[in-house]
Amino acid sequence: MLLFFCPYAIRYRVITSWSHFIIWWAKIVCGIQYEITGLENLPHKNAVVLCKHQSTWETLFLQTILGQQTWVLKKQLLTIPFFGWALRLIEPIAIDREKSSSIKQLLEQGKTRLQQGRWVVIFPEGSRIAVGKSGRYSRSGAVLAKETGFSVVPIAHNAGVLWPRKAFVKKPGIIHVVIGPEIKADNLTADEIHDKAREWIETTMTSLPVK
């Protein structure tokens with residue numbers, strides 16, 4: 001929080017170093033390793049990332065493989081003392097899901113962040129989903145991609161097997177992360193982008209270990 005007066009690049013670098021540390025520390029203390037497939041699918045230009053959401057692990061891990069990024073998250077998280085206050089310093093897109101204006105806010109701020117060269121990370125299921133389950137996918141990421149012309153990168157993983165949601169105990173093992181092929185928005189509708197990303201993620205999830 002003491003970095004509030006620093007430029008964004010400095011705030012981002014320092015704050016996200018914590019995420020790099022936690023991923024490393026989880027490997028040392030908990031034995032949580034990871035393997036990445038499809039790293040070559042990441043485009044050279046920033047994009048909209050649609051990622052499966054099972055755990056806290058992936059929210060930290062994505063900061064280690066992507067450049068500057070903005071997360072779409074619940075506005076309520078910013079009210080958490082210290083954590084939420086510090087989170088504001090890296091300029092997330094904080095939406096109130098109960099308001100109909102949330103999609104307009106996402107499109108406006110998402111467009112700005114993308115034009116600033118940042119990746120926009122969206123967990124389309126909204127909240128963490130138990131291993132083996134699938135939640136309802138929001139169309140917001142696909143709409144943002146279509147409106148801005150930026151590509152979508154789908155990501156699947158099984159982090160929830162080793163770092164379960166709502167569980168304190170972590171298990172040793174290997175988390176499998178799969179980065180899907182770039183989905184270009186040029187000749188697709190928002191619905192087609194949404195369907196392609198969801199189908200790829202959920203199909204890929206069936207090939208990953210669940211225990």
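Reader: What share of the contacts between residues at least 6 apart in sequence joins residues at least 24 apart?

Author: A contact means heavy atoms within 4.5 Å. In this chain, counting contacts between residues at least 6 apart in sequence, 72% join residues at least 24 apart. This is a predicted model, in which local features need pLDDT of at least 70 and side-chain atom pairs count only at pLDDT 80 or more, while totals for chains, interfaces and linings use all residues. Residues are numbered from 1 along each chain as its sequence is written, and side-chain values use heavy atoms, with hydrogens and water left out.

Reader: How many helices and strands does the chain have, and in what order do the elements run?

Author: Helices (H or I, at least four residues) and strands (E, at least two) are DSSP runs, numbered from the N terminus. Here there are seven helices and seven strands. Starting at the N terminus, the order is α-β-β-α-β-α-β-α-β-α-β-α-β-α. The radius of gyration of the chain is 17 Å, close to the 17 Å that the globule rule gives for 211 residues, so the chain is as compact as a globular protein of that length. That radius is taken over C-alpha atoms, and the rule is 2.2 Å times the number of residues to the power 0.38. Along the principal axes, the C-alpha atoms fill a box of roughly 45 × 40 × 35 Å.

Reader: Which strands pair with strand 5, and in what sense?

Author: Two strands pair if DSSP finds at least two bridges between them. Strand 2 (residues 48-51) pairs with strand 5 in the parallel sense over three bridges, and Val48 stands opposite Val120. Strand 3 (residues 69-74) also pairs with strand 5 in the parallel sense over three bridges, with Thr70 as the bridge partner of Val120. As for the side chains of strand 5 (residues 119-122), Trp119 and Val121 point one way, Val120 and Ile122 point the other way, and all are buried.

Reader: Which strands pair with strand 7?

Author: Strand 1 (residues 32-37) runs parallel to strand 7 and is joined to it by six bridges. In this pair, Glu35 stands opposite His176. Strand 6 pairs with strand 7 in the antiparallel sense over three bridges, and His157 has Val177 as its bridge partner.

Reader: Which residues of helix 5 are buried, and what do they pack against?

Author: In helix 5 (residues 140-148), Ser140, Gly141, Ala142, Val143, Leu144 and Ala145 are buried. The buried residues of this helix pack against strand 2, helix 4 (102-115), strand 5, strand 6 (152-157) and helix 7 (190-205). Gly149 follows helix 5 and has a positive phi, near 85 degrees.

Reader: Which residues other than glycine have a positive phi?

Author: Phe82 has a positive phi near 70 degrees. Phe82 is in the loop between strand 3 and helix 3 (83-87) and counts as exposed, at 59% relative accessibility. Lys166 has a positive phi of about 55 degrees. Lys166 lies in the loop between helix 6 (159-162) and strand 7 (173-179) and is exposed, with a relative accessible area of 74%.

Reader: Is Trp57 buried or exposed, and what is it in contact with?

Author: Trp57, in helix 2 (residues 57-65), is buried, with a relative accessible area of 1%. Leaving aside neighbours within four places in sequence, Trp57 is in contact with Ile23, Ile32, Tyr34, Ala159, Trp163, Ile175 and Val177. Phe21, in helix 1 (residues 8-30), is partly exposed, with a relative accessible area of 39%.

Terms used: Buried < 20%, exposed > 50% of the residue type's maximum accessible area, 1.4 Å probe, protein only.
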